[in-house]
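Hi,

Here is the structure I promised to pass on to you. Have a look at it first, and then read my notes below.

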Amino acid sequence: MTQSLELPVQEFCLDWTLTGGDGARVGITLSGQVSLLDNNRFYKIDGVVYVTEGDADIRAVGNPRISVRRNGVEKTGRQWGWEMCSARKSLGALNTMEGYFVRTGYWAPADRAIQLSLCAEQGWNRRKSYSPNVTVRMVD
């Protein structure tokens, strides 16, 4: 991949609250930016996940493993399909340090937007729950 000016750049932010027994609540934020590289041939997601509130309630919500997933949307509305784009980190680990991640991939001429959301895996059976997604529109 050749180096080029990263244009356009779009920022995103997603807040999600996990709830547990006895009113326990933990707030998580996903934020960062998406940019297109090399004359819109590649995309780059540069982001961070961190705990914003409720650090005392982490065990009460089950201390799930948190990861980021992404999906793409083409001009026809067709989607690429959800795929993990960050490592899974326990909520306890995210409480003490932020989880940075970078993801790059091919950007086709028909692509228009990238969707991002958080995934929480809990328990032995890895029961998953998903946050609402945020859509980052890159091309009109």
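Which residue in β2 stands opposite Asp-15? The residue facing Asp-15 there is Thr-29. Please keep in mind that this is a predicted model.

Strand β1 covers residues 9–19 and strand β2 covers residues 25–37, and the two pair in the antiparallel sense over 11 bridges. Together β1 and β2 form a hairpin, with five residues between them. In the turn, Asp-22 has a positive phi of about 60 degrees.

Next, take a look at Ser-117, which is part of strand β8 (residues 111–122). Ser-117 counts as buried because its relative accessibility is 0%, and the cut-off for buried is under 20%. Its side chain makes a polar contact with the side chain of Arg-69, at 2.7 Å. Not counting residues up to four places away in sequence, Ser-117 touches several others, among them Leu-14, Trp-82 and Asn-133.

That brings us to Asn-133, which you will find in the loop between β9 (127–130) and β10 (134–137). With a relative accessibility of 38%, Asn-133 counts as partly exposed. Leaving aside neighbours within four places in sequence, Asn-133 is in contact with Trp-82, Gln-115, Leu-116 and Ser-117. Finally, Asn-133 and Tyr-43 are 90 residues apart in sequence, and their C-alpha atoms are 18 Å apart in space.

Enjoy exploring it!

Best wishes

Notes
Residues are numbered from 1 along each chain as its sequence is written. This is a predicted model: local features need pLDDT of at least 70, side-chain atom pairs count only at pLDDT 80 or more; totals for chains, interfaces and linings use all residues. Side-chain values use heavy atoms; hydrogens and water are left out. Helices (H or I, at least four residues) and strands (E, at least two) are DSSP runs, numbered from the N terminus. Buried means under 20% relative accessible area, exposed over 50%, partly exposed in between (1.4 Å probe, protein chains only). A polar contact is a pair of N or O atoms within 3.5 Å; within protein, one must be able to donate a hydrogen and the other to accept it, and residues adjacent in sequence count only if both atoms are side-chain atoms. Contact means heavy atoms within 4.5 Å. Two strands pair if DSSP finds at least two bridges between them.
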